[in-house]
Amino acid sequence: MMITRGRTVYRGLLGQPRERTLGGLSIYSTAGEPFSIRIGDAPRQSTRIALVPANVPVAISVPERVIDLIVIEPELVPEEASWRAACVDGSVEHRRLQRAFDDWPRQSQVLECSDSAVDRYFFGSDLLARQLDPRIAAAAETIAANPGDKHAAADHAAACGLSFSRFVHLFRDEVGMTFRSFCAWKRARAMLAHVARGSSLTEVALQIGYPDSTHFSHSIRRIYGLRPRDIFSGSRRLAVHTDPSLRA
């Protein structure tokens, strides 16, 4: 797994998650047998590549247990409509993405841990940046850089010079998800850097800002579809490369 400021790249076991709701734009892919996926309220489909918008519930079943996944942070890229053509089973883009994943175990040791390096390796070029209102962009960056801190919408609204109501509506319109969901996602994402470090679940929960283990477990299970203990157990031999600038 590689974790940069704006990308998470994973090849490994999916486990048996119940419905999950990741906070980033997610691309699931495989070169093997098609997997079964239900995105939001849409009918289930069988495919080898699927695009899931940020913060949309998804149920997925993978016959070969292993999945390739790229999650792109929602505040950093255009909305998912521009990705539809690239996420077609058997397309040129799908084949290129899968070749990159197949070679990734050899390349991950030397690949720079940055958004640009990930984009160029998997997509062939840097991705277009999403243009946010500068006030919302600043708030999103502060939350992303400090996911374990307590973030109150009222405080960010005041820093932006906006009323609480105007800020939360503008944040949702600009980022595509609510302020609360965005904060919850960034905190849950911070957990990924700890999965192979051997830390206790209690230590991790407190370090990334959860008030107690119960809240930690419920939040992680809602987002990832798995209990924290199952995620950590399945990641014991997972190699994790993390941008050193990231912190909980």
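Modeller: Before we start, buried means under 20% relative accessible area, exposed over 50%, and partly exposed in between, with a 1.4 Å probe and protein chains only. This is a predicted model, where local features need pLDDT of at least 70 and side-chain atom pairs count only at pLDDT 80 or more, while totals for chains, interfaces and linings use all residues. Residues are numbered from 1 along each chain as its sequence is written, and side-chain values use heavy atoms, leaving out hydrogens and water.

Biologist: Fine. Which residues in helix 2 are buried?

Modeller: Ala117, Val118, Asp119, Phe122 and Phe123. Helices here are DSSP runs of H or I with at least four residues, strands are runs of E with at least two, and both are numbered from the N terminus.

Biologist: And what do they pack against?

Modeller: Strand 1 (2-3), strand 2 (7-13), strand 3 (25-29), strand 8 (66-72) and helix 1. Contact means heavy atoms within 4.5 Å.

Biologist: How do helix 1 and helix 2 cross?

Modeller: The axes of helix 1 (residues 92-107) and helix 2 (residues 115-123) come within 8 Å, crossing at roughly 125 degrees. Axes are lines fitted to C-alpha atoms, for helices over the stretch in contact, and angles run from 0 to 180 degrees between N-to-C directions. Under 35 degrees counts as roughly parallel, over 145 as roughly antiparallel, 65 to 115 as roughly perpendicular, and the rest as oblique. Helix 1 and helix 2 are therefore oblique to each other.

Biologist: Which residues of helix 2 meet helix 1?

Modeller: Tyr121, Phe122 and Phe123, which meet Arg96, Leu97, Ala100, Phe101, Asp103, Trp104 and Gln107 in helix 1.

Biologist: What comes just after helix 2?

Modeller: Gly124, with a positive phi of about 90 degrees.

Biologist: Changing topic. How many residues are in the largest nonpolar core?

Modeller: It has 53, and those with the most contacts inside it are Tyr28, Ile37, Phe167, Met191 and Tyr224. A nonpolar core is a set of buried Ala, Val, Leu, Ile, Met, Phe, Trp, Tyr and Cys residues joined through side-chain atoms within 4.5 Å. Helix 6 (residues 179-190) supplies the largest share of this core, six residues. Another core, of 21 residues, lies apart from it, and includes Met2, Ile49, Val77 and Phe122.

Biologist: What does Met191 touch?

Modeller: Not counting residues up to four places away in sequence, Met191 touches Val204, Ile208, Phe216, Ile220, Tyr224, Ile231 and Phe232.

Biologist: Back to helix 6. At what angle does it cross helix 3?

Modeller: Roughly 30 degrees, with the axes of helix 3 (residues 134-145) and helix 6 coming within 9 Å. The two are therefore roughly parallel to each other.
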